[in-house]
Amino acid sequence: MVEESINKKWYWWPLFPLYPYGNKKTILRELIPDQIWSLEQIQGLYYVAVPIRMTVIKVDDGLMLVNPLPPTKELVNELEKLIAIHGKVKTIVLPTASGLEHKIGLPALSRIFQGADIWLCPGQWSFPINLPLDFLGIPSKRTRILFEEGTPHKDYFEWFSLGPLDLGLGRYQEVSFFHHATRTLHVTDSIVGIDSTPPEIFNFDPTPLLFHSRDRGDEPLIDSVDQRKKGWARLVLFSSFLKPGKLNIPSLIEIFKHSFKKDLRNWRSHFGIYPFVWDEDWESSLAEIMGENIPKIQVAPVLQNLIFPRSKKVLIGWLEKIKTFKNMEYLISAHYSAPVKFTEQDCQNLINEINSEKWNKLSDNNKFLINFYEKLLKLGIIPNI
Ligand SMILES: [Fe+2]
(Lines give C-alpha, C1' and ligand atoms only; values in the text may rest on other atoms or scores of the structure.)
Protein backbone atom coordinates (compact mmCIF):
# COMPACT_ATOMS: atom_id res chain seq x y z
CA MET A 1 0.00 0.00 0.00
CA VAL A 2 2.74 2.45 0.99
CA GLU A 3 4.60 1.63 -2.21
CA GLU A 4 1.42 2.20 -4.19
CA SER A 5 0.88 5.71 -2.82
CA ILE A 6 4.49 6.64 -3.50
CA ASN A 7 4.09 5.56 -7.10
CA LYS A 8 1.05 7.73 -7.54
CA LYS A 9 2.79 10.79 -6.18
CA TRP A 10 5.60 10.13 -8.61
CA TYR A 11 3.49 11.44 -11.49
CA TRP A 12 3.57 14.84 -9.95
CA TRP A 13 7.30 15.28 -10.38
CA PRO A 14 7.48 15.92 -14.12
CA LEU A 15 5.63 19.16 -13.48
CA PHE A 16 8.97 20.54 -12.40
CA PRO A 17 10.50 22.65 -15.14
CA LEU A 18 13.50 21.41 -17.04
CA TYR A 19 16.82 22.58 -15.73
CA PRO A 20 18.92 24.50 -16.71
CA TYR A 21 16.31 25.83 -19.14
CA GLY A 22 17.90 27.38 -22.25
CA ASN A 23 20.95 28.46 -20.39
CA LYS A 24 23.56 25.73 -20.51
CA LYS A 25 27.00 26.40 -19.09
CA THR A 26 29.85 24.39 -20.60
CA ILE A 27 33.27 23.89 -19.07
CA LEU A 28 36.41 22.50 -20.65
CA ARG A 29 38.80 20.38 -18.58
CA GLU A 30 41.99 18.69 -19.64
CA LEU A 31 41.84 15.07 -18.45
CA ILE A 32 45.11 13.70 -19.87
CA PRO A 33 47.65 16.38 -20.88
CA ASP A 34 47.64 17.08 -24.64
CA GLN A 35 45.56 13.97 -25.36
CA ILE A 36 42.10 13.91 -23.76
CA TRP A 37 39.69 16.67 -22.73
CA SER A 38 36.24 16.81 -21.23
CA LEU A 39 33.46 19.24 -22.11
CA GLU A 40 30.83 19.21 -19.40
CA GLN A 41 27.30 20.54 -19.06
CA ILE A 42 24.48 20.02 -16.59
CA GLN A 43 21.50 18.14 -17.84
CA GLY A 44 18.31 16.81 -16.38
CA LEU A 45 15.39 17.80 -14.25
CA TYR A 46 15.81 20.30 -11.49
CA TYR A 47 15.81 17.68 -8.80
CA VAL A 48 18.25 15.46 -10.68
CA ALA A 49 20.51 17.97 -12.42
CA VAL A 50 23.60 15.90 -13.12
CA PRO A 51 26.75 16.72 -15.07
CA ILE A 52 27.22 15.02 -18.41
CA ARG A 53 30.43 14.75 -20.39
CA MET A 54 31.55 14.78 -23.99
CA THR A 55 35.07 13.42 -24.31
CA VAL A 56 37.50 14.86 -26.85
CA ILE A 57 40.44 12.70 -27.88
CA LYS A 58 43.40 13.58 -30.08
CA VAL A 59 43.67 11.35 -33.16
CA ASP A 60 45.88 11.76 -36.23
CA ASP A 61 45.72 15.40 -37.35
CA GLY A 62 42.50 16.02 -35.55
CA LEU A 63 40.00 15.24 -32.85
CA MET A 64 37.42 12.57 -32.06
CA LEU A 65 34.32 13.55 -30.06
CA VAL A 66 32.61 10.89 -27.96
CA ASN A 67 29.11 11.23 -26.50
CA PRO A 68 27.80 14.39 -28.21
CA LEU A 69 26.53 17.38 -26.23
CA PRO A 70 24.27 20.19 -27.45
CA PRO A 71 26.67 22.59 -29.25
CA THR A 72 26.02 25.89 -27.51
CA LYS A 73 28.15 28.86 -28.57
CA GLU A 74 30.28 28.37 -25.51
CA LEU A 75 30.85 24.68 -26.24
CA VAL A 76 31.87 25.43 -29.84
CA ASN A 77 34.18 28.23 -28.66
CA GLU A 78 35.92 25.89 -26.23
CA LEU A 79 36.23 23.27 -28.93
CA GLU A 80 37.67 25.84 -31.37
CA LYS A 81 40.54 26.41 -28.92
CA LEU A 82 41.46 22.72 -29.17
CA ILE A 83 40.91 22.64 -32.94
CA ALA A 84 43.36 25.56 -33.38
CA ILE A 85 46.10 23.47 -31.76
CA HIS A 86 45.24 19.87 -32.64
CA GLY A 87 43.30 20.03 -35.91
CA LYS A 88 39.71 19.69 -36.99
CA VAL A 89 36.97 17.40 -35.71
CA LYS A 90 37.37 14.23 -37.76
CA THR A 91 35.05 11.84 -35.99
CA ILE A 92 31.93 12.00 -33.82
CA VAL A 93 30.95 8.84 -31.94
CA LEU A 94 27.62 8.08 -30.31
CA PRO A 95 28.55 4.91 -28.44
CA THR A 96 25.20 4.14 -26.79
CA ALA A 97 21.94 2.77 -28.16
CA SER A 98 19.80 3.66 -25.18
CA GLY A 99 21.11 6.74 -23.37
CA LEU A 100 18.85 9.47 -24.74
CA GLU A 101 20.77 12.20 -22.92
CA HIS A 102 23.81 11.41 -25.08
CA LYS A 103 21.87 11.45 -28.37
CA ILE A 104 20.05 14.76 -28.32
CA GLY A 105 23.14 16.84 -29.16
CA LEU A 106 24.18 14.76 -32.17
CA PRO A 107 22.10 16.30 -35.01
CA ALA A 108 23.17 19.88 -34.20
CA LEU A 109 26.78 18.88 -33.54
CA SER A 110 27.01 17.03 -36.86
CA ARG A 111 25.65 20.08 -38.69
CA ILE A 112 28.40 22.25 -37.19
CA PHE A 113 31.21 19.82 -37.99
CA GLN A 114 30.23 18.94 -41.54
CA GLY A 115 33.54 17.28 -42.36
CA ALA A 116 33.30 14.76 -39.54
CA ASP A 117 32.47 11.10 -39.96
CA ILE A 118 29.76 9.91 -37.61
CA TRP A 119 29.82 6.51 -35.96
CA LEU A 120 26.83 5.08 -34.13
CA CYS A 121 26.36 2.24 -31.71
CA PRO A 122 24.28 -0.42 -33.50
CA GLY A 123 20.57 -0.66 -32.75
CA GLN A 124 19.65 3.02 -32.39
CA TRP A 125 16.01 3.17 -31.48
CA SER A 126 13.46 5.87 -31.08
CA PHE A 127 10.20 5.34 -29.31
CA PRO A 128 7.37 4.70 -30.16
CA ILE A 129 8.41 3.96 -33.74
CA ASN A 130 11.78 3.47 -35.35
CA LEU A 131 12.60 6.42 -37.56
CA PRO A 132 15.22 6.58 -40.31
CA LEU A 133 18.46 8.39 -39.38
CA ASP A 134 17.89 11.41 -41.64
CA PHE A 135 14.51 11.90 -40.06
CA LEU A 136 16.25 12.16 -36.68
CA GLY A 137 18.60 14.80 -38.09
CA ILE A 138 21.59 12.49 -38.48
CA PRO A 139 23.14 12.74 -41.98
CA SER A 140 23.15 9.13 -43.25
CA LYS A 141 25.73 9.82 -46.01
CA ARG A 142 28.59 10.25 -43.57
CA THR A 143 27.25 7.98 -40.84
CA ARG A 144 28.42 4.44 -40.17
CA ILE A 145 27.43 1.78 -37.71
CA LEU A 146 30.14 0.57 -35.32
CA PHE A 147 31.30 -3.03 -35.95
CA GLU A 148 28.82 -3.57 -38.81
CA GLU A 149 30.81 -1.12 -40.94
CA GLY A 150 34.11 -1.26 -39.08
CA THR A 151 35.50 0.97 -36.31
CA PRO A 152 37.30 4.34 -36.46
CA HIS A 153 40.99 5.00 -35.75
CA LYS A 154 41.91 1.36 -35.25
CA ASP A 155 45.56 2.16 -34.51
CA TYR A 156 44.55 4.19 -31.51
CA PHE A 157 41.65 2.28 -30.01
CA GLU A 158 40.35 -1.20 -29.34
CA TRP A 159 36.56 -1.20 -29.65
CA PHE A 160 34.25 -3.69 -27.93
CA SER A 161 30.65 -3.88 -26.86
CA LEU A 162 28.57 -4.32 -23.71
CA GLY A 163 25.34 -5.95 -24.89
CA PRO A 164 23.06 -5.82 -26.78
CA LEU A 165 20.51 -6.80 -24.15
CA ASP A 166 16.84 -6.96 -25.01
CA LEU A 167 14.81 -4.45 -22.98
CA GLY A 168 11.51 -5.10 -24.68
CA LEU A 169 11.03 -1.50 -25.76
CA GLY A 170 14.42 -1.49 -27.40
CA ARG A 171 17.85 -2.56 -26.43
CA TYR A 172 20.63 -1.68 -24.07
CA GLN A 173 24.01 -1.53 -25.65
CA GLU A 174 27.05 0.60 -25.23
CA VAL A 175 30.28 0.48 -27.15
CA SER A 176 33.37 0.94 -25.06
CA PHE A 177 36.98 1.32 -26.11
CA PHE A 178 40.51 1.29 -24.82
CA HIS A 179 42.89 4.07 -25.83
CA HIS A 180 46.36 2.52 -26.05
CA ALA A 181 48.39 5.74 -25.85
CA THR A 182 46.90 6.91 -22.55
CA ARG A 183 45.87 3.47 -21.20
CA THR A 184 42.38 4.79 -20.59
CA LEU A 185 39.17 2.80 -20.68
CA HIS A 186 36.20 4.75 -22.08
CA VAL A 187 32.60 3.88 -21.20
CA THR A 188 29.31 5.78 -21.30
CA ASP A 189 26.95 4.81 -18.46
CA SER A 190 28.01 1.36 -17.28
CA ILE A 191 30.79 2.04 -14.77
CA VAL A 192 31.21 5.25 -12.81
CA GLY A 193 33.45 6.63 -10.07
CA ILE A 194 31.63 8.88 -7.60
CA ASP A 195 33.16 11.09 -4.93
CA SER A 196 31.92 13.61 -2.44
CA THR A 197 33.31 16.78 -4.01
CA PRO A 198 30.70 18.59 -6.13
CA PRO A 199 31.76 18.73 -9.80
CA GLU A 200 33.45 21.96 -10.88
CA ILE A 201 30.59 22.97 -13.18
CA PHE A 202 28.39 23.69 -10.15
CA ASN A 203 30.76 26.52 -9.21
CA PHE A 204 29.07 28.62 -11.90
CA ASP A 205 25.61 28.02 -10.49
CA PRO A 206 25.28 25.98 -7.32
CA THR A 207 21.47 26.41 -7.23
CA PRO A 208 20.61 22.73 -7.83
CA LEU A 209 22.94 21.76 -4.96
CA LEU A 210 21.55 24.38 -2.59
CA PHE A 211 17.99 23.44 -3.56
CA HIS A 212 18.65 19.92 -2.30
CA SER A 213 20.68 20.85 0.74
CA ARG A 214 17.55 21.99 2.58
CA ASP A 215 15.19 19.96 4.66
CA ARG A 216 12.06 21.96 3.94
CA GLY A 217 10.77 24.20 1.15
CA ASP A 218 10.57 27.31 3.32
CA GLU A 219 14.27 27.24 4.19
CA PRO A 220 16.33 29.81 2.26
CA LEU A 221 19.06 28.70 -0.15
CA ILE A 222 22.27 29.23 1.78
CA ASP A 223 25.57 28.94 -0.03
CA SER A 224 28.46 27.32 1.83
CA VAL A 225 30.97 24.56 1.13
CA ASP A 226 29.08 22.19 3.44
CA GLN A 227 25.67 22.97 1.93
CA ARG A 228 27.03 22.35 -1.57
CA LYS A 229 28.45 19.00 -0.47
CA LYS A 230 25.20 18.01 1.20
CA GLY A 231 23.21 18.96 -1.91
CA TRP A 232 25.60 17.05 -4.16
CA ALA A 233 25.30 13.93 -2.00
CA ARG A 234 21.51 14.04 -2.27
CA LEU A 235 21.61 14.67 -6.02
CA VAL A 236 23.80 11.59 -6.40
CA LEU A 237 21.30 9.53 -4.40
CA PHE A 238 18.46 10.79 -6.61
CA SER A 239 20.16 10.07 -9.89
CA SER A 240 21.34 6.66 -8.70
CA PHE A 241 18.10 5.35 -7.26
CA LEU A 242 15.30 7.69 -8.48
CA LYS A 243 13.76 7.28 -5.06
CA PRO A 244 16.47 6.63 -2.45
CA GLY A 245 15.52 4.44 0.52
CA LYS A 246 15.90 7.28 3.02
CA LEU A 247 13.67 9.67 1.12
CA ASN A 248 9.96 10.16 1.72
CA ILE A 249 7.45 12.06 -0.36
CA PRO A 250 5.17 14.17 1.85
CA SER A 251 1.51 14.76 1.08
CA LEU A 252 0.57 17.69 -1.17
CA ILE A 253 -0.95 19.49 1.82
CA GLU A 254 2.32 19.17 3.69
CA ILE A 255 4.29 20.45 0.68
CA PHE A 256 2.11 23.50 0.07
CA LYS A 257 2.02 24.38 3.76
CA HIS A 258 5.65 25.46 3.45
CA SER A 259 5.43 26.92 -0.06
CA PHE A 260 4.79 30.37 -1.54
CA LYS A 261 5.94 32.23 1.57
CA LYS A 262 7.04 35.83 1.18
CA ASP A 263 10.75 35.41 0.38
CA LEU A 264 10.22 32.24 -1.59
CA ARG A 265 8.07 33.61 -4.37
CA ASN A 266 10.78 33.29 -6.99
CA TRP A 267 12.08 30.70 -9.43
CA ARG A 268 15.35 30.24 -7.63
CA SER A 269 13.68 28.77 -4.55
CA HIS A 270 11.05 27.11 -6.69
CA PHE A 271 8.38 29.03 -4.80
CA GLY A 272 9.25 26.99 -1.74
CA ILE A 273 8.04 23.79 -3.32
CA TYR A 274 10.25 20.99 -2.07
CA PRO A 275 8.41 17.68 -2.19
CA PHE A 276 10.92 15.61 -0.23
CA VAL A 277 11.54 14.61 3.36
CA TRP A 278 14.82 12.87 4.15
CA ASP A 279 15.21 10.50 7.09
CA GLU A 280 17.52 11.83 9.77
CA ASP A 281 20.13 9.18 9.06
CA TRP A 282 20.02 9.70 5.26
CA GLU A 283 23.80 10.08 5.08
CA SER A 284 24.30 6.46 6.10
CA SER A 285 23.06 5.39 2.66
CA LEU A 286 25.89 7.24 0.95
CA ALA A 287 28.57 4.73 1.87
CA GLU A 288 27.47 2.26 -0.78
CA ILE A 289 27.87 4.70 -3.67
CA MET A 290 30.16 7.58 -2.75
CA GLY A 291 33.83 7.67 -1.83
CA GLU A 292 35.00 10.44 0.50
CA ASN A 293 38.06 11.66 -1.36
CA ILE A 294 38.75 8.82 -3.77
CA PRO A 295 35.94 8.09 -6.25
CA LYS A 296 34.05 4.89 -5.48
CA ILE A 297 34.12 2.73 -8.60
CA GLN A 298 30.88 0.87 -9.29
CA VAL A 299 28.48 -0.47 -11.87
CA ALA A 300 26.04 2.44 -12.21
CA PRO A 301 23.24 1.71 -9.71
CA VAL A 302 20.36 2.47 -12.10
CA LEU A 303 21.73 -0.04 -14.60
CA GLN A 304 22.48 -2.57 -11.88
CA ASN A 305 18.81 -2.55 -10.95
CA LEU A 306 17.05 -2.15 -14.27
CA ILE A 307 19.29 -3.80 -16.79
CA PHE A 308 21.74 -6.16 -15.22
CA PRO A 309 19.71 -8.30 -12.82
CA ARG A 310 19.41 -10.97 -15.49
CA SER A 311 22.54 -10.17 -17.41
CA LYS A 312 25.30 -10.90 -14.92
CA LYS A 313 27.03 -13.18 -17.40
CA VAL A 314 27.18 -10.55 -20.13
CA LEU A 315 28.50 -7.99 -17.66
CA ILE A 316 31.17 -10.30 -16.29
CA GLY A 317 32.23 -11.34 -19.80
CA TRP A 318 32.65 -7.68 -20.67
CA LEU A 319 34.70 -6.99 -17.52
CA GLU A 320 36.90 -10.02 -18.24
CA LYS A 321 37.65 -8.50 -21.62
CA ILE A 322 38.58 -5.18 -19.98
CA LYS A 323 41.00 -6.99 -17.68
CA THR A 324 43.07 -8.05 -20.68
CA PHE A 325 44.11 -4.50 -21.56
CA LYS A 326 47.77 -4.14 -20.74
CA ASN A 327 48.69 -1.67 -18.00
CA MET A 328 45.26 -0.07 -17.86
CA GLU A 329 45.41 3.07 -15.71
CA TYR A 330 42.27 5.20 -15.96
CA LEU A 331 38.54 5.09 -16.50
CA ILE A 332 36.71 7.90 -18.29
CA SER A 333 32.91 7.68 -18.29
CA ALA A 334 30.22 10.11 -19.44
CA HIS A 335 29.13 10.92 -15.89
CA TYR A 336 30.76 11.69 -12.53
CA SER A 337 34.50 11.80 -11.82
CA ALA A 338 37.09 11.55 -14.59
CA PRO A 339 39.72 10.41 -15.03
CA VAL A 340 39.42 7.78 -12.29
CA LYS A 341 42.33 5.51 -11.42
CA PHE A 342 41.25 2.12 -12.78
CA THR A 343 43.49 -0.92 -12.98
CA GLU A 344 43.11 -4.62 -13.70
CA GLN A 345 42.66 -5.10 -9.94
CA ASP A 346 39.78 -2.59 -9.79
CA CYS A 347 38.15 -4.48 -12.61
CA GLN A 348 38.59 -7.78 -10.75
CA ASN A 349 37.06 -6.17 -7.64
CA LEU A 350 33.94 -5.34 -9.66
CA ILE A 351 33.73 -8.93 -10.90
CA ASN A 352 34.04 -10.21 -7.32
CA GLU A 353 31.30 -7.87 -6.19
CA ILE A 354 28.95 -9.02 -8.93
CA ASN A 355 29.63 -12.62 -7.97
CA SER A 356 29.10 -11.96 -4.26
CA GLU A 357 25.90 -12.38 -2.26
CA LYS A 358 25.77 -8.61 -1.80
CA TRP A 359 24.93 -8.11 -5.48
CA ASN A 360 21.71 -10.09 -5.05
CA LYS A 361 20.81 -8.70 -1.64
CA LEU A 362 20.34 -5.08 -2.51
CA SER A 363 19.91 -2.36 0.10
CA ASP A 364 16.79 -0.29 0.78
CA ASN A 365 18.03 2.28 -1.72
CA ASN A 366 17.28 -0.14 -4.53
CA LYS A 367 13.74 -1.03 -3.52
CA PHE A 368 12.02 1.51 -5.71
CA LEU A 369 13.93 0.49 -8.84
CA ILE A 370 13.59 -3.23 -8.13
CA ASN A 371 9.81 -2.82 -7.73
CA PHE A 372 9.71 -0.80 -10.91
CA TYR A 373 11.67 -3.52 -12.71
CA GLU A 374 9.34 -6.22 -11.44
CA LYS A 375 6.32 -4.25 -12.60
CA LEU A 376 7.78 -3.89 -16.09
CA LEU A 377 8.43 -7.61 -16.08
CA LYS A 378 4.85 -8.38 -14.99
CA LEU A 379 3.42 -6.07 -17.61
CA GLY A 380 5.49 -7.87 -20.21
CA ILE A 381 7.39 -4.71 -21.16
CA ILE A 382 10.65 -6.45 -20.29
CA PRO A 383 10.73 -9.91 -21.92
CA ASN A 384 10.74 -12.72 -19.38
CA ILE A 385 13.52 -14.93 -20.71
FE1 LIG B 1 24.19 8.67 -19.49
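The protein contains 12 helices and 17 strands, as seen in a predicted model. Of its 385 residues, 37% are buried. Among contacts with a separation of 6 or more, 68% are between residues 24 or more positions apart.

E9 runs antiparallel to strand E10 (residues 171–179), and 8 bridges join the two. Within this pairing, Trp 159 has Phe 177 of E10 as its bridge partner.

In E9 itself lies Pro 164, and the bond from Gly 163 to Pro 164 is cis, with omega near 10°. Pro 339 sits in the loop between strand E16 (330–332) and E17; here the bond from Ala 338 to Pro 339 is cis, with omega near -5°.

The loop between E16 and E17 also holds Tyr 336, a residue other than glycine whose phi is positive, near 65°. Tyr 336 counts as buried because 25 C-beta neighbours lie inside 10 Å, where the cut-off is 20 or more.

A positive phi, about 55°, is found in Asp 61 as well, although Asp 61 is not a glycine. Asp 61 is placed in the loop between strand E4 (50–59) and strand E5 (62–66). With 9 C-beta neighbours inside 10 Å, Asp 61 counts as exposed, since the limit for that class is 12 or fewer.

How values were computed
Residues numbered from 1 in each chain as written. Predicted model: local features only at pLDDT ≥ 70, side-chain atom pairs only at ≥ 80, totals over all residues. Pairing = 2+ DSSP bridges. Helix = DSSP H or I, 4+ residues; strand = E, 2+ residues; numbered from the N terminus. Contact = placed C-beta atoms within 7 Å.
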